[in-house]
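Below are my comments on the model you sent.

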Amino acid sequence: MDFCSNLNVSPRPLVTVAIITRNRSESLRKTLEAVSKLSYSNLEIVVVDNDSSDNTKSVVNEFEFCYLFSDKSNGFAKTRQIAVDAASGEFLLWCDDDVIPIIGWVEAYINRFQKDDEIGLIAGKIVNHGFPEYMRFKGLQIITSNGFLTRVDNPETATIFSNLNMGQRMSAMKSIGGYDPFFRGGYEEVDLNLSFRAENWKVVYEENAVVDHYHCFISYKKGRFFFGSQLMRLYFYFKHRSVIKNEGFIQAELSAFGIDIMKSVKISLAGIKRRDLGYFFIGCLEVFNAITSRLVIPWIIWETKKTK
């Protein structure tokens, strides 16, 4: 593994900007171009490549940023933790490989962090472009029954914020133990939001830390064998069920199971219609995941006990 270093001496605190990526080299290039133009004077840039098969590494090398590699089997949480472990900064800022941070993005975070030492996590403003209507407010969510998430249009009512535009105080990250490696298929930032609050760190929203977020049709949250989105949600729910208000778990889960199966079958049928075997098998895999994630609930509960 390569290691990052920063030789810049500045009165301003060192900030690490971290980006995880996989097979989105052209989108990544636009993000790195924007990051290279940021006005803050004391930065290190870390890019963690989650086993890309395209020219991602050469794109990162064009900018001479720190390049780190993560095996595909690591998933989201372990890949993010690689960046956390490599970061030298007092603060760690995240942006995804499909976003463009505005000039002054870093300063907005640092100014807010320095106003209150009890702030552990800050969520920035996300301006979504090209997303379908139901995803227009991507990045702002609340927790509903059984650990499901619902998007909201008001950051003041949101309780869960996305990693695609997020700042973390590194001392706070160390106090909560970083990312839970179980979250290979998503939900890692949802867990992180609650973990910060559980350790009495403030989680706040900063309107001036703005990124433009562009819809990218390449997604890696579907098609994961076993460690799919429903398993992630159930693990999250049982890990935090003491603070997630819920009634009628079984009834809600049965309803959700039916919806999962319907959606998965539609994916497979769409694959048949398109004559796309890959899409067809993703649908079949999602059916398998919908079934197995419920069957292994006793094992999930056992796994959550390891985090206590």
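This is a predicted model: local features need pLDDT of at least 70, side-chain atom pairs count only at pLDDT 80 or more; totals for chains, interfaces and linings use all residues.

1. On overall dimensions, the chain has a radius of gyration of 19 Å, which agrees with the value near 19 Å for a compact globule of 308 residues. Along the principal axes, the C-alpha atoms fill a box of roughly 55 × 45 × 35 Å.

2. Of the 308 residues, 54% are buried. The chain exposes about 14,900 Å², and 55% of this is supplied by carbon and sulfur atoms. Contacts between residues at least 6 apart in sequence join, in 75% of cases, residues at least 24 apart.

3. Charged side chains number 37 positive and 36 negative. The centres of the two sets are 6 Å apart.

4. The largest nonpolar core has 50 residues, and the members that touch the most others are Trp-94, Leu-192 and Phe-196. Helix α7 gives this core its largest share, seven residues. Another core, of 33 residues, lies apart from it and includes Ile-19, Leu-43, Ile-110 and Ile-126.

5. What surrounds Trp-94? Leaving out residues up to four places away in sequence, Trp-94 touches Ala-18, Ile-20, Arg-80, Ala-83, Val-84, Trp-105, Asn-163, Leu-164, Asn-165, Met-166, Gln-168 and Tyr-179.

6. Met-232 belongs to helix α7, which spans residues 229–239. Is Met-232 buried or exposed? Its relative accessible area is 0%, under the 20% limit, so Met-232 counts as buried. Beyond residues up to four places away in sequence, Met-232 touches Phe-182, Phe-183, Arg-184, Gly-185, Gly-186, Tyr-187 and Phe-227.

7. Two residues deserve a look at their backbone angles. Most residues other than glycine have a negative phi. Asn-200, however, has a positive phi, near 65°. Asn-200 is placed in the loop between α6 (188–198) and β11 (202–214). Its relative accessibility is 69%, over the 50% limit, so Asn-200 counts as exposed.

8. Arg-275 is exposed because its relative accessible area, 81%, is over 50%.

How values were computed
Residues are numbered from 1 along each chain as its sequence is written. Side-chain values use heavy atoms; hydrogens and water are left out. The radius of gyration is taken over C-alpha atoms; the globule rule is 2.2 Å times the number of residues to the power 0.38. Buried means under 20% relative accessible area, exposed over 50%, partly exposed in between (1.4 Å probe, protein chains only). Contact means heavy atoms within 4.5 Å. Accessible areas come from the Shrake-Rupley method with a 1.4 Å probe; for residues, only the protein chains shown count as cover. Lys and Arg count as positive and Asp and Glu as negative; His and the chain ends are not counted. The place of a charge is taken as NZ of Lys, CZ of Arg, CG of Asp or CD of Glu. Helices (H or I, at least four residues) and strands (E, at least two) are DSSP runs, numbered from the N terminus. A nonpolar core is a set of buried Ala, Val, Leu, Ile, Met, Phe, Trp, Tyr and Cys residues joined through side-chain atoms within 4.5 Å.
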